[in-house]
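Take a look at the model below.

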Amino acid sequence: MPIVFHQSSQTFHLFNQEISYIIKILPSHDLGQLYFGQRVHDKDNFDYLLELAHRPMSVCYFDGDLTYSREHIKQEYPVAFTGDFKQPAIDILQQNGSRILEFEYHHYEIIQGKEKLKDLPATYTSNTHDATTLKIHLHDQLLQLDLVLSYTLFEKLPVIARSCTITNRNHNSIQLNRLMSLSLDLPDSQYSLLELTGAWARERHITERPLCQGLQAIASLRGHSSHHFNPFLALKRENTDENQGEVLGVSFVYSGNYIMSVDVDTYHTARIQAGIHPETFSYTLQCGESFQSPEALIVYSQQGLNGMSQSFHHLFCQHLIRGPYQHQPRPILINNWEGTYFDFNEEKLLNMAEKARELGIELFVLDDGWFGKRNDDTSSLGDWYVNKEKLPHGLSSLSQKVHQLGLKFGLWFESEMISKNSRLYHDHPEWVLKTPHRHISHGRNQYVLDFSNPEVVQYIENMMSDIIAESQLDYIKWDMNRSISEAYSHYQKEQGRLYHEYILGVYRLYEHLIQKYPHILFESCASGGGRFDPGMLYYASQTWTSDDSDAVERLKIQYGTSVVYPLATMGTHVSAVPNHQLKRNTSLQFRSDVAYFGTFGYELDILKLNKKEQQIIKEQIQFMKQYRQLLQSGKFYRLKSPFQSNETAWMVVDDQQTTAIVGYYRVLQEVNMGYRRIPLYGLDPDRLYTILDQEYYGDELMQIGLIVSDESCGENHSDLGDFQSAIYVIKEKK
Ligand code: DGJ
């Protein structure tokens, strides 16, 4: 039984082979956090972890007792202003102006498996034996509030999924202003904080800073999880690297405004929190009404960052992603965006599709510009009917012809947006998010529809459904190209609900479409990677990683993204040179060697390729088809970081340890440099492997390393120069 309640000490112990999580019902009837980390033996009492020594000048709970202070006891779900002075997990404004809360333990339930979260994305179990859930019920007697804290422990993973629900049972309404999904007190703060930060076109760069006293946070107030701060953080020990050492990762399964923080006090204890950003959040709950928080995931690893990432990858692939492609290799696609932008017609597209088929591509994706009067980004969002000037025979005819070629057909939408220059804006200006009597800012010339209004979502759903049915779509790219500003809903009575209800509207539309068209592969996108988060992955099995398709920049972007997200979720395309974002020239080989480690596709005008390039692409596609199962579902190891040197290396290994692929990349050529070896991971030390015609034992490749040295200079070496790469296929010798 992985979740045990020790009656005598009033202690819950959640444990599996890898982790332990210990909670105690305190003498003050609230919950204390005793331990989270590597698994320890179960026993019936861990009370010594309360550490009740006297600390002068602390605020104390019991009369006459100077030792029992919430300032020092690690809290499981802290409330504000009752002696704990770090960030509270919950904040409720009551009718008399008070914000004091007293949630006391009431009872608990243990459930085999995991319950669904209402209207929210979350991890799931297909088999109830994969996880066990503990629900601790707390009650505030004065306010008649119920609070349920939920903890799911996955049986074979070092992961705990947390969320909570608050219900008002009183006839007085309350105003819920903060409800963190997770709050976790750690006994020390000797960590550095690792984050995935960036901006448009340079998403999810790995950054690290030492934890220091005070509040440190990442957040988004943009209405989407953002390019700038991914909803993820990790606390890592000083000696931790990719392959060894302790690290604790937190990921938030949500796509709207969020905050994730670490609050370090003067006693060097650290409180991690993750939840909806309270700045744009406020819900009045009437009698009988509940609010459910999104889910937060904590992963513990003693095997360094790779260990943590592999747990996230496994969790997301087995317990978050759904749909027909969950366990299927992703189709190799061609997307016309960088090939044509808005300038295309049926003939051009069909020529591209025909060439794509010839090269072995499986899915043709028509991007922006097929609808309304859209010839640039100033018009037509919201008018989801075909542009007859470009596609005189309609979408169904185009789709039919693409299907006849033997390709799947995919289409771009930006469902949440509206252009001023559109029929929809003319008919429904009140559907735009806009504060009355205030200026409204645009982003990429467009405005945001009020997805918190079910009528708007229904209208868009009807339009999309018509198109999907008419054009027999196999794939949808769902874009979102601006952050939300001056947000105000004409529909909502309470503006504090708006941002959360907006994202619930997005989730609802996705869910309806998935239910109606379960065969469709969704790829989410927000100007590239502005909404690459686990919330989206619950609906869309893959995400367009970045609008930056330059292979050199992609090394950092994909390396950083892999810290949390599996390769099967990362949209990776080979694009044209000079690259459209950076004007950089790299070889077709370098570009594909980077793109293999993802869903893989092409985004260029393939009609402009010469015969030699076409032949190279044919071979690349054959290679990808042969190895994509491994590349997209193998165990991924980061070997050498582009953030630390001129070289990058990574590898995937299959579960049976029979085949592995290493990608090695050198950005700039260095003159007369030394010899280089890269130690590999994840192979069987006792098995003999081959790389080309050479043989090596697994232990050689892991202890001595893979030799990646090449000539370092010289006139006779045509393969020298900047932007070099190599792919090593490692096979067990039969
Ligand atoms: C932003 C996306 O990231 C691009 O791939 C492309 O779909 C454009 N939008 C189209 O407007």
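Arginine 178 sits in strand E10, which covers residues 174-186. Keep in mind that this model is predicted. Is arginine 178 buried or exposed? Its relative accessible area is 10%. Buried means under 20%, so arginine 178 counts as buried.

What does arginine 178 touch, beyond its neighbours within four places in sequence? Its contacts are Gln87, Pro88, Ala89, Ile90, Asp91, Gln273, Pro278 and Phe281. With glutamine 87, the side chain of arginine 178 makes a polar contact of 3.4 Å. Isoleucine 707 lies 529 residues away from arginine 178 along the chain. The C-alpha atoms of these two residues are 54 Å apart.

Now for the helices. Two packed helices are described by the angle between their axes and the distance between the axes. Take helix H10 (residues 588-595) and helix H11 (residues 611-633). Their axes are 11 Å apart, and the packing angle is about 20°. That makes H10 roughly parallel to H11. The crossing of H10 and H11 is right-handed. H10 brings Leu588, Gln589 and Ser592 to the contact, while H11 brings Glu613, Ile616, Ile617 and Gln620. By class, three of these residues are nonpolar, three are polar and one is charged.

H11 also packs with helix H3 (residues 346-359). Here the angle is about 60° and the axes are 9 Å apart. H3 and H11 are therefore oblique to each other. Lys355, Glu358 and Leu359 of H3 meet Gln614, Ile617, Lys618 and Ile621 of H11. This contact has three nonpolar residues, one polar and three charged.

Conventions: Residues numbered from 1 in each chain as written. Predicted model: local features only at pLDDT ≥ 70, side-chain atom pairs only at ≥ 80, totals over all residues. Heavy atoms only, no water. Axes fitted to C-alpha atoms, helices over the stretch in contact; angles between N-to-C directions. Helix = DSSP H or I, 4+ residues; strand = E, 2+ residues; numbered from the N terminus. Parallel < 35°, antiparallel > 145°, perpendicular 65-115°, else oblique. Left-handed = near helix turned anticlockwise from the far one by under 90°. Contact = heavy atoms within 4.5 Å. Nonpolar A, V, L, I, M, F, W, Y, C, P; charged D, E, K, R; others polar. Buried < 20%, exposed > 50% of the residue type's maximum accessible area, 1.4 Å probe, protein only. Polar contact = N/O pair within 3.5 Å; in protein donor to acceptor, adjacent residues only side chain to side chain.
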